[in-house]
Amino acid sequence: MDSIRLNQLIEENYQKIFLLALKMLKNYEDAEDATQEIFLKVYENISSFRQEAKFTTWIYRIALNHIYYMNTKRSRELNQFPDAHELRTEMNENPSSVLQEKELFESLEKVIDSLSPRQKEVFVMRYYNQLPFKKIAQVLGKSLGTVKSNYFFAMQKIKINLQDQNLIEFQE
Amino acid sequence: MKCINKNIFLYYLNDEISSRKKKQIAAHLLECEHCRKHLAEWEKVLNITQNYIDQDVKIHPAPPHAHITQQFGKVPPKPDNLFWIRYWTKPALATVAVLFASLMIFFLSPRSVPTLQENYYVIDNVAYTETISLSDVYLNDLEIMYLQEIYENEELTDDILYGDWLYYEDVLDNLDQDELQELINKMYDNSVT
């Protein structure tokens with residue numbers, strides 16, 4: 001793979017991998033570092049990669065491995081996770097946002113953070129990275145059924161949370 | 001009219017079901033208000049989630065990374081021959097380690113009968129009964145040894161060995177520890193020489 005094509009692929013995937021890292025690590029600086037390290041790994045190992053068609057699968061696998069490695073390392077170092085909501089409250093200072101919408105989004109953020117790692121990785125790859133279920137299954141090395149059920153349980157958790165908090169009205 | 005499993009609506013909205021099933025659901029929805037409500041619920045959840053994601057993605061653009069791609073030009077990529085080293089080093093090392101450990105165990109393990117001290121404890125602990133298979137042979141040797149002591153190196157005929165056997169077993173059982181130790185020491189010396 002030539003360096004122009006590689007740079008193009010990095011450009012296409014940089015934000016997606018960053019979002020994956022951000023959602024899984026819940027910390028902006030860590031996510032930024034992780035993304036850099038992931039792409040450095042990609043670059044270093046590009047010679048061992050041969051099938052361009054599966055580049056996305058390969059890059060996401062490297063990313064998830066690195067993210068889980070960082071998470072383990074960090075939890076060992078700090079023995080605690082940073083406040084998951086710190087980031088959004090810092091950055092979401094849009095004065096035009098309606099209070100109700102803000103409340104709704106904060107609640108969504110909390111419930112997404114509370115998903116199990118397996119549900120969360122599927123959810124993030126589905127929504128933030130816009131990968132089809134088939135691709136997610138390839139990345140995770142799991143069956144399509146497992147991935148779909150992880151997605152279903154994640155969405156059900158979100159739905160129940162929204163219903164419980166009466167943040168959206170469902171018709172009776 | 002039988003309603004559809006409402007969990008399927010999530011996959012229906014994600015376009016993750018077969019076209020045949022999709023047609024069935026569409027036909028059912030035309031007739032069933034109850035299911036239409038469920039579908040609307042999921043539609044609402046998906047819309048809200050998508051809105052949230054869109055906003056979240058918007059406020060988190062990719063961090064600046066031009067310097068990284070520039071840096072890539074300078075870092076030489078790992079040569080391809082490292083592939084085999086990377087994937088085969090660990091299994092190969094593990095195999096060598098296992099083989100080495102097996103050989104070491106084989107060469108370092110004792111070939112002779114268990115050491116005197118060990119045997120002594122075993123004998124002492126079981127009070128010279130014949131139930132411990134490990135010490136059976138040793139115990140028999142001990143008895144022969146004792147007979148030799150008694151018969152002062154006379155040739156031990158079968159008569160002596162088997163005729164007095166039960167009697168000397170009893171004698172041996174009644175030896176105190178010092179006497180037994182002495183006998184064991186002698187026997188050990190003989191076996192060494």
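Guide: In chain B, 9% of the 193 residues are buried (20 or more other C-beta atoms within 10 Å of the residue's own; 12 or fewer is exposed, anything in between partly exposed, and C-beta atoms are placed from the backbone). In chain A, buried residues make up 29% of the 172 residues. This is a predicted model, in which local features need pLDDT of at least 70 and side-chain atom pairs count only at pLDDT 80 or more, while totals for chains, interfaces and linings use all residues. Residues are numbered from 1 along each chain as its sequence is written, and chains are lettered from A and ligands numbered from 1 in the order in which they are written.

Chain B has ten helices and zero strands, and its pattern reads α-α-α-α-α-α-α-α-α-α. Contacts, meaning C-beta atoms placed from the backbone and lying within 7 Å, may also be sorted by separation in sequence. In chain A, 69% of the contacts between residues at least 6 apart join residues at least 24 apart. For chain B, residues 24 or more positions apart account for 53% of the contacts with a separation of 6 or more.

The part to examine is helix α8 of chain A, residues 144-164. This helix has 21 residues and reaches 30 Å from its first C-alpha to its last, close to the 30 Å expected at 1.5 Å a residue (1.5 Å times one less than the number of residues). Which residues of α8(A) are buried? They are A:Val147, A:Asn150, A:Tyr151, A:Ala154, A:Met155, A:Ile158, A:Lys159 and A:Leu162. An α-helix has 3.6 residues a turn, so residues three or four places apart point the same way. After α8(A) comes A:Asn166, whose phi is positive, near 50 degrees.

One neighbour of α8(A) is α7(A). The axes of these two helices come within 9 Å and cross at roughly 110 degrees, where axes are lines fitted to C-alpha atoms, for helices over the stretch in contact, and angles run from 0 to 180 degrees between N-to-C directions. α7(A) and α8(A) are therefore roughly perpendicular to each other (65 to 115 degrees; under 35 is roughly parallel, over 145 roughly antiparallel, and the rest oblique). On the α7(A) side the contact is made by A:Phe133, A:Lys134, A:Ile136, A:Ala137 and A:Leu140, and on the α8(A) side by A:Leu144, A:Val147 and A:Lys148. These contact residues divide into six nonpolar, no polar and two charged (nonpolar: Ala, Val, Leu, Ile, Met, Phe, Trp, Tyr, Cys and Pro; charged: Asp, Glu, Lys and Arg; polar: the others, Gly among them).

Another neighbour of α8(A) belongs to chain B: it is helix α3, residues 33-59, and the two axes come within 10 Å and cross at roughly 100 degrees. α8(A) and α3(B) are therefore roughly perpendicular to each other. Here A:Met155, A:Ile158, A:Lys159 and A:Leu162 of α8(A) meet B:Val45, B:Ile48 and B:Thr49 of α3(B). Five of the residues in this contact are nonpolar, one is polar and one is charged.

The partner, α3(B), has 27 residues and reaches 39 Å from its first C-alpha to its last, close to the 39 Å expected at 1.5 Å a residue. Its buried residues are B:Cys35, B:His38, B:Leu39, B:Trp42, B:Val45, B:Thr49, B:Tyr52 and B:Asp56. One of them, B:His38, lies 6.7 Å from B:Lys6, C-alpha to C-alpha, although 32 residues separate the pair in sequence. B:Lys6 sits in the segment before α1 (8-13) of chain B. Because it has 14 other C-beta atoms within 10 Å, B:Lys6 is partly exposed.

A:Lys26, with phi near 60 degrees, lies in the loop between α1 (3-25) and α2 (28-44). A:Gln130, with phi of about 50 degrees, lies in the loop between α6 (117-127) and α7 (133-140). A:Lys26 is partly exposed because 18 other C-beta atoms lie within 10 Å, whereas A:Gln130 is exposed because it has 11.

Key. Helix = DSSP H or I, 4+ residues; strand = E, 2+ residues; numbered from the N terminus. Contact = placed C-beta atoms within 7 Å.
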